[in-house]
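Here is a brief report on one protein model. Keep the sequence and the 3D view open as you read.

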Amino acid sequence: MKVTVFGTGYVGLVQGAVLADVGHDVVCVDIDAAKVAALQAGRVPIHEPGLAPIVQANQAAGRLRFTTGAAEGVAHGELIFLAVGTPPDEDGSADLQHVLAVARTIATHMAAPKTIVNKSTVPVGTADQVAEAVRAVLQQRGAPIAFEVVSNPEFLKEGAAVADCKRPDRIVIGTGSAAAEAQLRELYAPFNRNHDKIVVMDVKSAELTKYAANAMLATKISFINEIANLAERLGADIEAVRRGIGSDPRIGYHFIYPGVGYGGSCFPKDVKALIHTAKGVGFTPDVLLAVEQRNGAQRRVLAERIVAHYGGDVRGKTVAVWGLAFKPETDDMREAPSRALLQALWAAGAQVRAHDPVAMDEARRLFGERDDLVLCDTPLEALQGADCLAIVTEWKIFRVPDFDQMARLLKDRMVFDGRNLYEPAVLARHGLGYESIGRPGVAPAP
Ligand SMILES: NC(=O)c1ccc[n+]([C@@H]2O[C@H](COP(=O)([O-])OP(=O)(O)OC[C@H]3O[C@@H](n4cnc5c(N)ncnc54)[C@H](O)[C@@H]3O)[C@@H](O)[C@H]2O)c1
């Protein structure tokens, strides 16, 4: 089928490439000329496992093209996807300016009926706003062309986006139109062979499904972090508790890892947007408000621990930081817990030496040159001259480090682990002090 995707970010680029990979004819449109030029030259601007090979192969096969030309994009696709950003506005609501701009662009250029498929995460009622924006432009043009607006939220996980798109758990289609449903069933047929994953519902329910999914996952994280805080104060071990509750299939092991709070481009903004939506209809979302509050506190925990360890004064101290990306296997640092930690450490007067396996360019772009930050090429280089280590992202490469070398390099032999990567007893054996989340701490050997 002929498909156009507006927005070549983490969602649009992956979706476009995966659709081309099963034989669809895909044009991706973006207003970022530098990004489009890089993609045209076969360079993939984001880190996402398995993405570059399928982008390059399908480009070479002529099934995947990149352009800044909106008119060309609109002319191409019978299905036109919106995969542009919906960042939080100042009041926490989702900023729909990019979504509505693309809607108007489509209406400006369309000369034949189109099915507009919204993949961006948008509040309930946005499909109606998109339809209204398209209708207004068509009216101005005196062009009574038929169109449909469908909601088809995306559930991919960054770091596993290609795999998730190729093998989705479910494909939610929000539409009241049998014709649009048939089009989307045809589009997704290659991904729907093993068993029927397509769930068709009304547009509003589809829009709410996406927020409900992310809010539920954020709730699990805030819940386990709350219990971790309790465990610390009660002398219990959250890792034992986690295994104890995860074994109950009604709870499960997924998304109950204690840590430094959720981050990334989705959970923080989506929880905020859902709170805003709820308040807008006169409803107080008590659970979501608590989820957000717990997360805000949890993002401060590691910095507070470090400052407390040094008696409230970290001026002149150098903290090594392992992990900057908001989670492993991505270079995305949007709302990353590392940013909260670095800002808090800098505000308290500490220096930082940081390493991340793939987010170094992103860190350079975000932080620029600063006297209180050294970006290091390897995990061990970050430890050189540092007083202590803070672990923020659970990259595999950090799982089995050389503890003896760590003990030699870290002046105060202290590790503050925001991801519970190690057994406290193992670090104690190597003479390292260890503080993690929701478990008893260990002092460094004298
Ligand atoms: N990142 C995720 O893990 C994820 C998962 C599910 C859903 N979502 C949702 O998908 C949407 C996109 O997220 P993302 O992470 O891919 O965003 P992103 O910021 O990585 O990419 C958005 C892209 O849209 C482009 N763009 C903006 N205005 C445009 C316009 N008028 N025409 C063409 N292109 C335009 C930008 O230049 C950018 O390249 C958001 O609503 C997000 O909430 C994201």
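This is a predicted model: local features need pLDDT of at least 70, side-chain atom pairs count only at pLDDT 80 or more; totals for chains, interfaces and linings use all residues.

Residues are numbered from 1 along each chain as its sequence is written, and side-chain values use heavy atoms, with hydrogens and water left out.

**The helix pair**

Two packed helices are described by the angle between their axes and the distance between the axes. Helix α9 (residues 203–234) packs against helix α10 (residues 238–246) at an angle of about 135 degrees, and their axes are 9 Å apart. From α9, I224, I227, A228 and A231 meet I238, V241 and I245 of α10. The residues of this contact are seven nonpolar, no polar and no charged.

Buried means under 20% relative accessible area, exposed over 50%, and partly exposed in between (1.4 Å probe, protein chains only).

| Residue | Relative accessibility | Class |
|---|---|---|
| C266 | 29% | partly exposed |
| T8 | 2% | buried |

C266 lies in the loop between α10 and α11 (267–280). An unreviewed UniProt entry lists C266 for "active site"; such annotations may be inferred rather than shown by experiment.

T8 lies in the loop between β1 (2–6) and α1 (10–21). What does T8 contact, leaving aside its neighbours within four places in sequence? T8 is in contact (heavy atoms within 4.5 Å) with L13, C28, V29, D30, K35, L39 and F66.

Terms used. Axes are lines fitted to C-alpha atoms, for helices over the stretch in contact, and angles run from 0 to 180 degrees between N-to-C directions. Helices (H or I, at least four residues) and strands (E, at least two) are DSSP runs, numbered from the N terminus. Ala, Val, Leu, Ile, Met, Phe, Trp, Tyr, Cys and Pro count as nonpolar, Asp, Glu, Lys and Arg as charged, and the others, Gly among them, as polar.
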